[in-house]
Amino acid sequence: MLAAVLYILMGFNLASIYVERTNAIYKDVRFWLILCSLAMLVYLTIKCCRTA
């Protein structure tokens, strides 16, 4: 349940950055922070599901 909430929040954060009218989204530090956090969340979810 908690993982689902975290995935939803990550999606909202990525969407809000995408909607902003910036020149290059990949140059924004917030984008990379959210992307790294999302990758870590996916890794931890997979790791947890394999051990359960």
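These are legends for a few close-up views of a predicted model.

In this predicted model, local features need pLDDT of at least 70 and side-chain atom pairs count only at pLDDT 80 or more, while totals for chains, interfaces and linings use all residues. Residues are numbered from 1 along each chain as its sequence is written, and side-chain values use heavy atoms, with hydrogens and water left out.

**View 1**
Helices (H or I, at least four residues) and strands (E, at least two) are DSSP runs, numbered from the N terminus. Of the 52 residues in the protein chain, 13% count as buried; buried means under 20% relative accessible area, exposed means over 50%, and partly exposed is in between (1.4 Å probe, protein chains only). The chain's accessible surface comes to about 4,500 Å², and carbon and sulfur atoms account for 72% of that. Those areas come from the Shrake-Rupley method with a 1.4 Å probe, and for residues only the protein chains shown count as cover.

**View 2. The largest nonpolar core, built from M10, I17, F31, I34 and L41.**
A nonpolar core here is a set of buried Ala, Val, Leu, Ile, Met, Phe, Trp, Tyr and Cys residues joined through side-chain atoms within 4.5 Å. Helices α1 and α2 (29-51) are the elements that give it two or more residues, and α2 gives the most, with three. Zoom in on I34: leaving out residues up to four places away in sequence, I34 touches M10, N13, L14 and I17. Contact means heavy atoms within 4.5 Å.

**View 3. A nonpolar patch on the surface, with F12 as one of its members.**
L2, V5, L6, I8, L9 and F12 make up this patch, and together they have about 590 Å² of accessible area. Patches take residues with over 30% relative accessible area and no salt bridge, joining like charges within 9 Å and nonpolar side chains (Val, Leu, Ile, Met, Phe, Trp, Tyr) within 5 Å. A salt bridge, for its part, is a side-chain nitrogen of Lys or Arg within 4 Å of a carboxyl oxygen of Asp or Glu. F12 sits in helix α1 (residues 2-19) and counts as exposed because its relative accessible area is 58%.

**View 4. R30 and L44, two residues of helix α2.**
R30 has a relative accessible area of 38%, so R30 is partly exposed. Setting aside neighbours within four places in sequence, R30 is in contact with I17 and E20. R30 and L14 are 16 residues apart along the chain, with 9.0 Å between their C-alpha atoms. L44 is also partly exposed, at 46% relative accessibility. L44 and A3 are 41 residues apart in sequence, and 9.6 Å apart from C-alpha to C-alpha.

**View 5. Cysteines without a disulfide.**
Searching the whole structure turns up zero disulfides, a disulfide being a pair of cysteine sulfur atoms within 2.5 Å. For C49, the nearest cysteine sulfur is that of C48, 5.7 Å away. C49 is exposed, with a relative accessible area of 57%, and C36 is exposed at 51%.
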